[in-house]
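Welcome, and please open the structure in your viewer.

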Amino acid sequence: MTIKIGITGGIGSGKSVVSRLLEAMGVPVYISDIESKRLTASDTLIRRELIALLGEEVYAGGELNKSLLASYIFSNPEHIRTVNGIIHPRVRDDFRQWVECHAIYPIVGMESAILIEAGFAGEVDTVVMVYAPEEVRIARAMQRDAAPRELVERRVRSQMSDEEKRTKANFVIVNDGETPLIPQVLEVITSLSKNIAYLCPPKK
Ligand SMILES: CC(C)(COP(=O)(O)OP(=O)(O)OC[C@H]1O[C@@H](n2cnc3c(N)ncnc32)[C@H](O)[C@@H]1O)[C@@H](O)C(=O)NCCC(=O)NCCS
Ligand SMILES: Nc1ncnc2c1ncn2[C@@H]1O[C@H](COP(=O)(O)OP(=O)(O)OP(=O)(O)O)[C@@H](O)[C@H]1O
């Protein structure tokens, strides 16, 4: 039976870095930001509902107008709930199909900043929170996205607080740039897969 790990944490916490480490250790990870964008671009139902909400401009030239959608959802909590209600059910179904296609793996992951808020925590067996101090996260996201502080802070505010997220996590990986990261990721894998020889399959 495949163990499903949820990887969550606020913007800039290092979920993608931890997900890449897990991939290197043989754990496939479903990256929700990437897959939700694929679905938003290709799923006819999502396209129809977003056009009804925001007008044809949201898919101007056939491409998703990310900045229009971002300014709509990050400006108003009600807007974010509406858009999430359109996109997340499809992400959930897509993740379930993805898990079925990865049934041979003992462990798989789902990476999502809003794993808990979106209800995706119900799709996984255990929740790993990647933690970094908010100031570190904001600086990282600003540098990575060449984004102004105000934009990053607006996104921070649209996500559950680290304190609340911690209460819902089974594991916390501290990614503050000082605490070694790889041993913590290995510890999670080891504790989840006691009977699975990881990194060095049993000798024939
Ligand atoms: C609004 C969009 C177009 C912005 O895309 P962009 O490339 O500019 O930003 P990116 O996707 O990297 O998101 C930046 C940060 O905001 C977070 N975020 C994205 N969507 C949401 C949301 N609905 N609620 C809270 N945080 C969100 C991301 O996890 C990340 O931490 C995109 O994030 C989107 O389509 N969001 C709605 C779908 C969704 O909820 N995706 C999250 C994974 S399911
Ligand atoms: N320990 C670290 N030391 C230095 N830089 C880091 C560290 N962890 C992550 N970063 C950098 O910080 C930025 C954010 O990391 P990452 O993209 O993994 O965060 P995330 O949680 O996936 O963010 P988002 O929710 O926005 O997708 C990236 O540019 C990444 O290279």
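Between domain 1 and domain 2 there are two residue pairs in polar contact, counting pairs with both residues at pLDDT 80 or more. That confidence score is there because this is a predicted model.

To see which parts of domain 1 face its partner, select β3 (107-111) and then α7 (149-157): each supplies at least two residues of the side that touches domain 2. Keep β3 highlighted for a moment, as this strand gives the largest share of that side, four residues. Now colour the touching side of domain 1 by residue type, and you will find seven nonpolar, three polar and five charged residues.

Next, zoom out and colour the two domains. For domain 1, select 1-28 together with 105-191; for domain 2, select 33-101. The contact takes 15 residues from domain 1 and eleven residues from domain 2. If your viewer can draw a line between the domain centres, taken over C-alpha atoms, expect a separation of 22 Å.

How much area do domain 1 and domain 2 bury between them? The value is about 1,200 Å², with 66% of it on carbon and sulfur atoms.

Finally, look for charged partners. Two salt bridges are found across the interface of domain 1 and domain 2. For a salt bridge to view up close, show the side chains of Arg92 and Glu123, which meet with an N to O distance of 3.6 Å.

Methods. Residues numbered from 1 in each chain as written. Chains lettered and ligands numbered in written order. Predicted model: local features only at pLDDT ≥ 70, side-chain atom pairs only at ≥ 80, totals over all residues. Heavy atoms only, no water. Domains from an automatic or database assignment. Contact = heavy atoms within 4.5 Å. Buried area = accessible area lost by both parts, 1.4 Å probe. Salt bridge = Lys/Arg side-chain N within 4 Å of Asp/Glu carboxyl O. Polar contact = N/O pair within 3.5 Å; in protein donor to acceptor, adjacent residues only side chain to side chain. Nonpolar A, V, L, I, M, F, W, Y, C, P; charged D, E, K, R; others polar.
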